[in-house]
Amino acid sequence: MTDTPPGTTDITTGILPRLIEIIEPFNKKGIALDATTSFANDLELDSLTVMDLVAEIEDEYDIILPVNMLPDLETIGDVPAPSRR
Amino acid sequence: MATAPLPEEAPAPADLFDKFQPLIDQYEGLMASGLRDPFHLKMDKILSPTRAIVGNREIMLVGTYNYMGMTFDPDVVAAGKRALDEFGAGTTGSRVLNGTYQGHAECEAALRDFYQMDHAMVFSTGYQANLGLMSALAGRGDYIILDADSHASIYDGCAMGNADIVRFRHNDVADLEKRLRRVPEGAGKLVVLEGVYSMVGDVAPLAEMVAVAKAAGAMVAVDEAHAMGFFGENGRGVFEAAGVEADVDFVVGTFSKSVGTVGGFIVSNHPKFDVLRFVSRPYVYTASLPPAVVACSAASIRKLMHARDKRAHLWAASRRMHSGLRAAGFTLGTETAESAIIAVNMPDQETSARMWTALIEEGVYVNMVPPQATPGLHLLRCSLCAEHSLDDVDEIIARFRRAAATADLPLSG
């Protein structure tokens, strides 16, 4: 478990394939997605689209991604591992 | 002797306005089309709650949120004149320093009577009331759960505080319930709702939403800015009409709509409510309302308690406007007249601006909603006033038809 890319953990690497599946419909530019893909710069998502995407991720993992946390989520790898309670 | 290297050309300093260039371009494009500027209309005279003079022509005001037409009520105006004479032009101070006069106390008493609640707190604007509630009440580790279509003042209050912010889909009870389930057990929760949403004038299913919020152990705040005066038996708002008065912890409101002045407030039965006067920064760090404003407001609030006939007339005018525009072939934001806001959908920004200009030429003022307020929607928003006669409504509809022809707006049916 060395050499994990910055912004990811081994757990997020574990959810990464499914995360990318969820994000793919929002990938209007058809770029290749990985942990380093930036939501704003690469995917160019506007704020409304971000809200829909966040809702999809929240529903998939039954978690909360608070709105105030979103500015910290720059890349796909920044999406935190779901912590089920 | 070594010569110092020539300094490299310093890069031009960044202009902080560059980020607004797309908006500047959009606005200049709109103006270059030769249409009137919908965002800088100057009213030269105000004749009544429903009539103004712009330049040398009289226009009907159909976008003022002046729902109950209290701006020229003789009792309201007289109260203001008296206060201006007796207490002066302004207070020059915060509510917690030298800015609480007898008039501010009387205004809070009027609100307690109007809402039949124990506590009332008057802010200098409605925007600040929301800012003050959201930012002070929910702290680190608490959660604010709000409707995605919430007013900017609610979002801004959330951004100012330290709580975690969770959005649910607009007016979606099941989505609210689902998100409440995900909040960690034991965390403080505030659910924020609005009685009437101002963009298209739709009403929240408050009975269901408040029940879901209470079942999850959340406190509930309802913003009744666009409902005060004409929803419910006593005009308190949608929460009264929905029969959930006992379960709503905070009602936020404004004086700048049905009350006819400016200012904001929160009312509550919570026994510790008044501590907000110390911890709510938008309350503490701003000057209080001028004496004339609180005097007008208190007089207006007391009259609104008994304004049954005006209420009934406003509803009749709103329903006539909705059905008339619909019959004329306009596409409206709601299926029926849910409130006194009737939003007319436009196909695009250009048509919207053409239609707005054509309406002004016909002598009708409505709001052209700035596109950033409703992404993906282009709305011309009408709001009715209890002082609009039914003949006024018919005249407005006739002018809408003529304006649509001028603006090349296709009508259905």
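This is a predicted model: local features need pLDDT of at least 70, side-chain atom pairs count only at pLDDT 80 or more; totals for chains, interfaces and linings use all residues.
Strands here are DSSP runs of E with at least two residues, while helices are runs of H or I with at least four, both numbered from the N terminus. Another facing couple is B:Arg51, which stands opposite B:Met60 of β3(B).

Put together, you get an open sheet of four strands with mixed pairing, in the order β1-β2-β3-β14 of chain B. β1 (45-48) and β14 of chain B are at the edges with a single partner strand each, so one side of each has no neighbour in the sheet.

## A second sheet, with helices on it

Chain B has another open sheet, made of three strands in the order β13-β16-β15 with antiparallel pairing. Its edges are β13 and β15 (367-368) of chain B; each has a single partner strand, so one side of each is left without a neighbour in the sheet. β13(B) and β16 (residues 378-383) of chain B pair over six bridges in the antiparallel sense. One of the bridge partners to look for is B:Arg381 in β16(B), which goes with B:Ala343.

Now for the helices. α12(B) lies across β13 and β16 of chain B, running at about 20° to β13(B). Helix α13 (residues 349-362) of chain B packs on the sheet too, touching β13, β15 and β16 of chain B, and its direction makes about 30° with that of β16(B). For these angles, axes are lines fitted to C-alpha atoms, for helices over the stretch in contact, and the angles run from 0 to 180 degrees between N-to-C directions.

Is B:Leu332 buried or exposed? It counts as buried, because it has 20 C-beta neighbours inside 10 Å. The cut-offs go like this: 20 or more other C-beta atoms within 10 Å means buried, 12 or fewer means exposed, and in between is partly exposed, with C-beta atoms placed from the backbone.

Leaving aside neighbours within four places in sequence, the contacts of B:Leu332 include B:His322, B:Leu325, B:Ile342 and B:Val344. (A contact has C-beta atoms, placed from the backbone, within 7 Å.) B:Asp274 is another story: 58 residues away along the chain, its C-alpha atom is separated from that of B:Leu332 by 42 Å.

## Helices in chain B

Helix α6 (residues 173-182) and helix α7 (residues 206-215) of chain B pack at an angle of about 10°, with their axes 10 Å apart. That is why α6(B) and α7(B) are roughly parallel to each other; the label covers angles under 35 degrees, with over 145 roughly antiparallel, 65 to 115 roughly perpendicular and the rest oblique. B:Val173, B:Leu176, B:Glu177 and B:Leu180 of α6(B) meet B:Glu208, B:Met209, B:Val212 and B:Ala213 of α7(B). By class, this contact has six nonpolar, no polar and two charged residues. (Ala, Val, Leu, Ile, Met, Phe, Trp, Tyr, Cys and Pro count as nonpolar, Asp, Glu, Lys and Arg as charged, and the others, Gly among them, as polar.)

In helix α5 (residues 152-160) of chain B, the buried residues include B:Ile154, B:Tyr155 and B:Cys158. The buried residues of α5(B) pack against α4 (126-137), β5 (143-147), β6, β7 (189-194) and β10 (219-223) of chain B.

## Where the chains meet

Chain A has two helices and zero strands, and 15% of its 85 residues count as buried. The contact takes nine residues from chain A and nine residues from chain B. On the chain B side, strand β6 (residues 164-168) gives the largest share, four residues. That side divides into six nonpolar, no polar and three charged residues.

## Confidence and numbering

Chain B averages a pLDDT of 95, and 98% of the residues score at least 70; pLDDT is the predictor's confidence in each residue, from 0 to 100. For the complex, the predictor gives an ipTM of 0.77 and a pTM of 0.92.

Local features need pLDDT of at least 70 and side-chain atom pairs count only at pLDDT 80 or more, while totals for chains, interfaces and linings use all residues. Residues are numbered from 1 along each chain as its sequence is written, with chains lettered from A and ligands numbered from 1 in the order in which they are written.

How values were computed:
Two residues are in contact if their C-beta atoms, placed from the backbone, lie within 7 Å. Two strands pair if DSSP finds at least two bridges between them.
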